[in-house]
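Morning, everyone. Please have a look at the structure on the screen while I talk. I will take it one site at a time.

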Amino acid sequence: MTTAGLLVLDLVVAIAAAGSWTAAAVVAWPLVSERSARGALVASVLSAAGVVATVGHLALVGMLATRGWWFAQDQLALGAPLLAVAAIAAVVGAAPSLTRMLRGRGTALPRRVPVLLLAAGVAGGVCVVSRMGIGYPLDPVPAIVLLVLAALLTGTIAAVRWAARSRVIAAWSGIAAIVLVTSVGLGYLGSLTAAPMLQGGHAHGGQATAVGAGPVDLVSVADLRTSDSVDAPVRSFTLIASAATVELASGATVEAFSYDGTLPGPELRVTEGDLVDVTLVNDDIADGVTVHWHGVDLPNAEDGVAGVTQDAVRPGDSFHYRFVAEDPGTYWYHTHQASSDGVQRGLYGTLVVVPAAGIAEQLDLVVPMHTFDGRSVFGDSDIPSAQAVEPGTTVRLRIIDTDQAPLTVQLDPVAFRVVAVDGRELVGGPSIEQRSVRLPAGGRVDLAFTMPDTPVTVTRDGLADVSLTLSPDGAVASAAVTAEPELDLLAYDATSATTAPAATRHLSAEMVLDRLPRALNGLPAYGYTVNGEVAPHIPEIVVEPGDALTLTVVNRGWETHPMHIHGHHVRVISRDGVAATAQLWLDTFDVQPGEVWVVELYADNPGVWMDHCHNLDHAAAGMMMALSYRGVVSPFELGGTAGNRPE
Ligand code: C2O
Ligand code: CU
């Protein structure tokens with residue numbers, strides 16, 4: 001069974017345990033004053049169900065532990081032992097008297113019986129609440145609060161049912177209320193205090209902190225710009241961000257935000273070694289705008305993240321980006337201010353860095369795939385489109401997922417090779433056919449093939465509503481599409497020319513992804529969390545130049561998280577313990593429910609860098625954090641007069 005399946009099953013079983021024991025207590029309670037063989041039978045059956053669910057939960061937690069400590073810690077350290085003890089106490093305490101009553105013998109039940117059954121039910125509740133509310137890592141403070149509340153709840157209910165004097169009840173429930181209000185209140189106040197994250201320079205935050213390292217000179221992010229004295233051919237562009245009503249090929253209109261009135265923004269095509277010089281002007285985007293160069297490992301202050309590397313560009317203002325296009329490949333650009341809204345509405349475009357020596361293929365096409373108001377769009381077309389290509393032409397298709405969710409792309413019917421992923425060439429990969437290729441949100445793949453005599457059709461997600469046909473006569477092919485099995489890129493037999501730099505020190509850090517109730521911007525929310533926290537409270541990871549950082553990324557939730565690392569490409573080591581046989585350098589990778597990815601990051605680009613989920617709605621709901629170089633500090637802040645809001 002998959003880890004994700006085990007997690008769901010275990011949750012269901014824990015809820016069943018809590019429910020069965022509680023129901024047994026409810027049925028057993030009247031038997032304290034009145035004998036009933038029928039009541040005893042029902043209570044016994046419910047208790048037996050409680051025993052089965054408890055044993056099932058313990059077994060599932062054991063199985064989850066073999067998949068990784070992250071999946072089982074909350075249960076192993078808190079819920080499971082508590083439930084086991086409570087269940088044993090309930091069985092030992094309740095079985096003899098229930099059995100006597102079943103046989104029509106004995107008197108009414110002792111009062112301890114329903115209380116013990118109730119305690120087992122509450123213990124089951126602790127299992128559920130710790131999984132759904134505390135998560136990983138198991139923070140001791142909420143764990144203790146939860147235990148105290150569980151004890152008080154059991155005590156209060158027992159007191160009420162025994163018709164204890166009202167002062168006793170009031171005391172018990174008063175204590176429970178005080179514990180609850182204090183812990184929630186303190187947690188809430190903590191969430192309001194000035195957040196360290198995204199500012200950088202906090203040498204004590206994060207797990208990869210440079211322990212024992214000496215003093216370091218502070219460097220401002222704002223100073224980490226491309227030098228004025230770079231001597232390279234200059235390619236200048238201007239991007240004017242504005243709101244625009246854009247008509248798609250089908251005639252449908254989109255109330256868009258765009259970089260030059262078109263969807264997507266202009267394709268920027270430069271040559272390796274060029275100095276890319278871009279002036280961003282915000283015409284009328286009220287929320288503000290920036291340009292982030294997704295996948296380009298450039299100087300930190302050119303990275304375009306509002307509140308971290310610059311202030312959001314307000315309407316009427318402009319900003320100037322300069323960077324040398326050092327790494328050939330397929331990239332894209334998009335706003336990093338209020339991006340969950342802005343990117344979906346169209347503030348994105350493509351960037352291609354052509355190698356100085358050119359590419360091997362004769363035809364080079366860029367196909368960004370996006371969705372507007374539920375309509376799939378390839379490039380700028382939301383209907384099947386076509387392009388004439390001579391048979392025998394070698395073609396490179398640069399596919400980009402600019403959506404919030406993963407997609408699979410298909411190329412039919414033709415044999416093709418994957419020649420690059422995330423702007424890094426793959427060397428010597430085999431030719432494949434009838435395989436779909438999965439892209440995470442934000443990811444890119446370059447596919448190469450030789451044009452056959454017959455049409456080749458590009459589709460996404462096995463659907464035919466939008467497609468791109470390359471055909472000798474330029475006509476749209478309308479063949480039926482069937483979804484093909486996914487190629488596993490980690491097992492694609494290809495090497496890479498990219499080499500790992502030498503490291504002077506090895507560090508490791510974890511990012512455990514989940515969904516938990518947390519205070520987000522001062523309001524209660526069902527947040528997307530990393531290591532149990534939402535932004536800006538997720539401790540940053542701190543590195544120094546020359547570090548090799550082994551990053552373990554774990555998904556405890558049930559949604560896919562396309563994790564994006566700014567300023568660096570990471571080398572994929574393994575997924576779910578299986579070593580990658582392909583040499584993959586990625587800036588975005590999909591961590592699916594239950595998956596464990598291990599990647600290696602080489603710290604060679606000082607700055608304060610965002611790491612976040614590229615489902616930008618998830619990022620906006622908490623799933624973003626920083627990777628900072630020790631001593632680098634950001635003068636920019638979240639919120640503030642510029643209204644900085646990276647997602
Ligand atoms: Cu494409 Cu931080 O994003
Ligand atoms: Cu996500």
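Along the chain, the donors of the copper ion (ligand 2) follow the spacing H-x51-C-x4-H. Keep in mind that this is a predicted model. Which atoms coordinate the copper ion? They are ND1 of His561, SG of Cys613 and ND1 of His618, at 2.0 to 2.1 Å. His561 lies in strand S26, while His618 is in helix H8, residues 616-620. So the pair of histidines ties together parts that are 57 residues apart in sequence.

Are these two histidines buried or exposed? Buried means under 20% relative accessible area. His561 has 2% relative accessibility, so it counts as buried. His618 has a relative accessible area of 5%, and it is buried too.

Now the sheet around S26. Five strands form an open sheet, in the order S24-S33-S32-S26-S30. The pairing is mixed. Which strands stand at the edges? Strand S24 (541-543) and strand S30 (588-591) do. Each has a single partner strand, so one side of each is left without a neighbour in the sheet. On average, neighbouring strands here are turned by 20 degrees against each other, direction ignored. Look at the S24 edge. S24 and strand S33 (residues 624-629) run parallel, joined by three bridges. Val543 has Tyr629 as its bridge partner in S33.

Next, Arg556. Find the loop between strand S25 (547-555) and strand S26 (561-565); Arg556 is there. Its relative accessible area is 7%, so Arg556 is buried. What does its side chain pair with? The side chain of Asp514, through a polar contact of 2.8 Å. Arg556 also has contacts beyond its neighbours within four places in sequence, among them Leu7, Trp70, Arg131 and Tyr136.

On to strand S10, residues 363-372. Nine of its 10 residues are buried, so S10 is largely enclosed by the rest of the structure. Which strands does S10 pair with? One partner is strand S13 (residues 394-401): the two run parallel, with seven bridges. There, Pro368 has Ile400 as its bridge partner. Another partner is strand S11 (residues 375-378), antiparallel, over four bridges. Met369 stands opposite Phe378 in S11. S10 and S11 make a hairpin with two residues between the strands. In that hairpin, Asp373 takes a positive phi near 45 degrees.

Now the nonpolar cores. In soluble globular proteins, nonpolar side chains tend to be buried together. How many residues does the largest nonpolar core have here? It has 79. Ile399, Phe449 and Phe589 have the most contacts inside it. Take Phe449. Not counting residues up to four places away in sequence, Phe449 touches residues including Thr393, Leu397, Phe416 and Leu470. A second, separate core has 49 residues, including Val13, Ala53, Trp70 and Cys127.

Last stop: Asp284. Asp284 lies in the loop between strand S5 (275-282) and strand S6 (292-294). Its relative accessible area is 38%, so Asp284 is partly exposed. How far apart in space are Asp284 and Ser242? They are 5.2 Å apart, C-alpha to C-alpha, yet 42 residues apart in sequence. A polar atom of the Asp284 side chain lies 2.8 Å from the backbone nitrogen of Ala243. Leaving aside neighbours within four places in sequence, the contacts of Asp284 are Ala241, Ser242, Ala243 and Pro315.

Technical notes. Residues are numbered from 1 along each chain as its sequence is written. Chains are lettered from A and ligands numbered from 1 in the order in which they are written. This is a predicted model: local features need pLDDT of at least 70, side-chain atom pairs count only at pLDDT 80 or more; totals for chains, interfaces and linings use all residues. Side-chain values use heavy atoms; hydrogens and water are left out. Buried means under 20% relative accessible area, exposed over 50%, partly exposed in between (1.4 Å probe, protein chains only). Two strands pair if DSSP finds at least two bridges between them. A nonpolar core is a set of buried Ala, Val, Leu, Ile, Met, Phe, Trp, Tyr and Cys residues joined through side-chain atoms within 4.5 Å. Contact means heavy atoms within 4.5 Å. A polar contact is a pair of N or O atoms within 3.5 Å; within protein, one must be able to donate a hydrogen and the other to accept it, and residues adjacent in sequence count only if both atoms are side-chain atoms. Donors are N, O and S atoms within 2.8 Å of the metal (3.2 Å for Na, K and Ca); water is not among the atoms, so sites may look incomplete. Axes are lines fitted to C-alpha atoms, for helices over the stretch in contact, and angles run from 0 to 180 degrees between N-to-C directions.
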